[in-house]
Amino acid sequence: MRYSVIALLCVALAQTADCIDCLKTLSRYNVDRIVEGYTDTETPPSSTRELIWIDLCSTHEDKKPKECDDGSIFCYRKEVKLQDTEPVVTEVINFSNNNDIKITTSQDAFSVYFPAVQWGAQAVEAHLNFVCNEKEGGGEVQVVKWDKPNSLSIDISGPSSCFKKDNTASPKHGGFGSWILWLFLYAILFTVIYLLVVSYLNTRNGSLQDFREEFTDRSGNLLTSLPDFARELVGKVVNSNSSSRGGYSAV
């Protein structure tokens, strides 16, 4: 019993690690959508359909086909249909997130390799090749082929292979505080330009040392005069308001 509990805990931890790895590695892509499609082949007197269902990050368990196992993130099915009969499912291969999945990413594509899983007497592996295609509509599954009897390869072209688009609008910067900040920065910029121009005009026939001393003196005088200028400005504003109130009271 103790070993069964430990085994269950290991499986749970493995699934969590796979999901986290999926979100880390493929977080830039639209992998939160289902990829499904099929290819048809004429196999007289029957027709064969190979169906693909992919949910890499297990976000759509409720929409999984009934033939696919719980926990599978990639399910391959084959249906065979004779004329005037219902199709019969002849093959189902499930790949779950418990496997040692290998993911390779590039600018507009990524690939997923599923190590071999046991399917009857065979061990079957799978390669999923995703390529970005912004066009909506239609199945994303383009090619389903068997490179070897035990190696399934699927080419997928569609939006699920593309980078997610950032639909969040950039925050707008504004308001009274922002306006005051920009006004202050512009005032400093124009003051520095004014000091540079005046210092240059007064020392254009002199040396660089003369220009430096002129600029330093003027900057120092400006800084020392700022407190007096601020007091004078505040005094004028206060006196102006007092005069206005006095005028109204006299009326």
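# Notebook: disulfides, rings and core

I began with a torsion: about the S-S bond of Cys132 and Cys162 it is about 100 degrees, so this disulfide is right-handed. The pair links distant parts of the chain, with Cys132 in strand β7 and Cys162 in the loop between β9 and α2 (176-202). The two cysteines are 30 residues apart. I note here that the model is a predicted one.

**Entry: the two disulfides**

I searched the whole structure for disulfides and got 2. For Cys132 and Cys162, I read 2.0 Å between the sulfur atoms. Is Cys132 buried or partly exposed? I found Cys132 partly exposed, because its relative accessible area is 25% and buried would need under 20%. Cys162 counts as buried, at 1% relative accessibility.

Next I looked at Cys68, which a disulfide joins to Cys75. Here the S to S distance is 2.1 Å. The link of Cys68 and Cys75 is left-handed, with -90 degrees about the S-S bond. I then checked burial at both ends. Cys68 has 7% relative accessibility, so I count it as buried. Cys75 has a relative accessible area of 0% and is buried.

**Entry: the chain as a whole**

I stepped back to the layout. I counted 3 helices and 9 strands in the chain. From the N terminus on, I read the order as α-β-β-β-β-β-β-β-β-β-α-α. The chain has 251 residues, and buried residues make up 27% of them. I also looked up the contacts with a separation of 6 or more: residues 24 or more positions apart account for 51% of them.

**Entry: the annotated span**

Which residues does the "transmembrane region" annotation cover? The unreviewed UniProt entry gives residues 179-202. I checked the model over residues 179-202 and found 100% helix and 0% strand. The end C-alpha atoms of the span lie 34 Å apart.

**Entry: the nonpolar core**

How many residues does the largest nonpolar core have? I got 26. Among those with the most contacts inside this core are Ile54, Leu56, Phe74 and Ile154. The elements that give two or more residues to the core include β2 (46-54), β3 (72-82) and β4 (88-96). Also on that list are β6 (109-119), β7 (122-132), β8 (141-148) and β9 (151-158).

Leaving out residues up to four places away in sequence, Ile154 touches Ile52, Phe74, His127, Leu128, Asn129, Val141, Val143 and Val144. Leu128 and Phe74 are also listed with Ile154 among the core residues with the most contacts.

**Entry: aromatic pairs**

I found 10 aromatic pairs in the structure. One of them joins Tyr29 and Phe163, with 5.1 Å centre to centre. The planes make 50 degrees, and the pair is tilted. Tyr29 lies in the loop between α1 (2-25) and β1 (35-43), and Phe163 in the loop between β9 and α2, so the pair ties together parts that are 134 residues apart in sequence. Tyr29 counts as buried at 0% relative accessibility. Phe163 is partly exposed, with a relative accessible area of 27%.

I moved on to Phe95 and Phe114, another tilted aromatic pair. I noted 5.4 Å centre to centre and 50 degrees between the planes. This pair too links distant parts of the chain: Phe95 sits in strand β4 and Phe114 in strand β6, 19 residues apart. Phe95 and Phe114 are both buried.

Which residues do ring pairs link into a cluster? I listed Tyr29, Phe110, Phe130 and Phe163.

**Entry: Val124**

Last, I looked up Val124, which I placed in strand β7. Val124 has a relative accessible area of 1% and is buried. What does Val124 touch, not counting residues up to four places away in sequence? I wrote down Ile93, Phe95, Pro115, Ala116, Val117, Trp119, Trp146 and Asn150. I also checked Val124 against Phe114: they are 10 residues apart in sequence and 9.0 Å apart in space, C-alpha to C-alpha.

Technical notes: Residues numbered from 1 in each chain as written. Predicted model: local features only at pLDDT ≥ 70, side-chain atom pairs only at ≥ 80, totals over all residues. Heavy atoms only, no water. Core = buried A, V, L, I, M, F, W, Y, C linked by side-chain atoms within 4.5 Å. Buried < 20%, exposed > 50% of the residue type's maximum accessible area, 1.4 Å probe, protein only. Helix = DSSP H or I, 4+ residues; strand = E, 2+ residues; numbered from the N terminus. Contact = heavy atoms within 4.5 Å. Disulfide = S-S within 2.5 Å. UniProt positions renumbered as here; feature names shortened; annotations may be inferred. Phe/Tyr/Trp six-rings, centres within 6.5 Å; stacked < 30°, edge-to-face > 60°.
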